[in-house]
Amino acid sequence: MMSSFRMTTTFVLLAGMILGGSKAQQLIPTFYGNTCPNLTTIVGGVLQQAVQSDIRIGAKLIRAHFHDCMGCDGSLLLDNDAANGIVSEKDATPNQTIDVDIVDNIKTALENACPGLVSCADILALGSQIGVSLAGGPTWQVPLGRRDSRTANQDGTSAIPSPFDDFSVLQRKFRDVGLDDSTDLVALSGAHTFGRAQCQTFSSRIGTDPTLDPTFSDVLAQICPQGRNGNALANLDSSTADDFDNNYYTNLQNNRGLLQTDQSLFSTTKASTVAIVNRFAGSQRDFFDAFVQCMINMGNISPLTGSNGEIRANCRRIN
């Protein structure tokens, strides 16, 4: 059930407790405390209104934040700009279905209240937290203070995990950006407890993958008839599609993970991730605790801080 904008679980985590290094330590939850004190209220208000017409807003934001966090610098949001040599990351294969229109609405509201202060990268980070909370998940104090990139790196999108990656590639991609290939991998994959995926990302498993429950496979075959629309959508979590909970992990135990990469967390023989899936399936609190920690870990991947980058007035283009 969708929750109101109330906090179901509270975690108070400071950035300096998570990762070492000067850049990570510059991100603090109170970064805008004096300059934009109503930041969370403003972002929450925009998202509360948006979720009334699009229940997937939270899932869309967290996916955008994840894809941006190969650098956590807002570069994903930039449009093509030949004059400035920018080739948009949104045109790369992993990002072509990402919807970031809600970021424009949030940015407009913030520019009206706190002009020139809040970065687009921080909008993705804070918006993801609020989107999770609105869906019944945990809340946490998001370390803030990121600045926005003045360029894009479309070639770098190859580092983004693909739904077709095998388990060893998936683990390597997490390690390559400094994330743990067990707990971080399993906990962050738990964001697939809400949202949708296109048929083209999983239809090759239907009727062929022994790790896909046959009854579930038949259901998916009705959603994604062979040779038909690959853009049709299926719920990432077939049991509680719009709730942020731990049922995603129960689905994996029952061979009902939608994506190959999801099911591989449980079905790969002797994988270190199996025990973590079982723990999260048995305890939603354990999942929430780990998810919060891992989201902060991810949000600390190579942010721009200090005088690096800029604060964009429009998230789609550099100043």
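Lysine 270 is exposed, because its relative accessibility of 83% exceeds the 50% cut-off. In this predicted model, lysine 270 has a positive phi of about 60°, although the residue is not a glycine. Lysine 270 sits in the loop between helix H10 (260-267) and helix H11 (273-282). Serine 302 is another residue other than glycine with a positive phi, here near 50°. Serine 302 belongs to the segment after H12. With a relative accessible area of 47%, serine 302 is partly exposed.

Nonpolar side chains tend to be buried together in soluble globular proteins. The largest nonpolar core holds 69 residues. Leu39, Leu47, Ile102, Val103, Leu110, Tyr249 and Phe291 touch the most other members. Helix H12 (residues 284-299) supplies the largest share of this core, nine residues. Domain 1 (38-160) and domain 2 (179-298) both contribute residues, so the core lies between them. Isoleucine 102 is in contact with Val46, Leu47, Ala50, Ile57 and Leu61, leaving aside neighbours within four places in sequence. A second core is separate and has twelve residues. Among them are Phe202, Ile206, Leu212 and Leu258.

Confidence was examined along the chain. The protein chain has an average pLDDT of 91. A pLDDT of at least 70 is reached by 92% of the residues. Residues 1-25 have a pLDDT below 50.

Technical notes:
Residues are numbered from 1 along each chain as its sequence is written. This is a predicted model: local features need pLDDT of at least 70, side-chain atom pairs count only at pLDDT 80 or more; totals for chains, interfaces and linings use all residues. Side-chain values use heavy atoms; hydrogens and water are left out. A nonpolar core is a set of buried Ala, Val, Leu, Ile, Met, Phe, Trp, Tyr and Cys residues joined through side-chain atoms within 4.5 Å. Buried means under 20% relative accessible area, exposed over 50%, partly exposed in between (1.4 Å probe, protein chains only). Helices (H or I, at least four residues) and strands (E, at least two) are DSSP runs, numbered from the N terminus. Domain bounds come from an automatic or database domain assignment. Contact means heavy atoms within 4.5 Å. pLDDT is the predictor's confidence in each residue, from 0 to 100.
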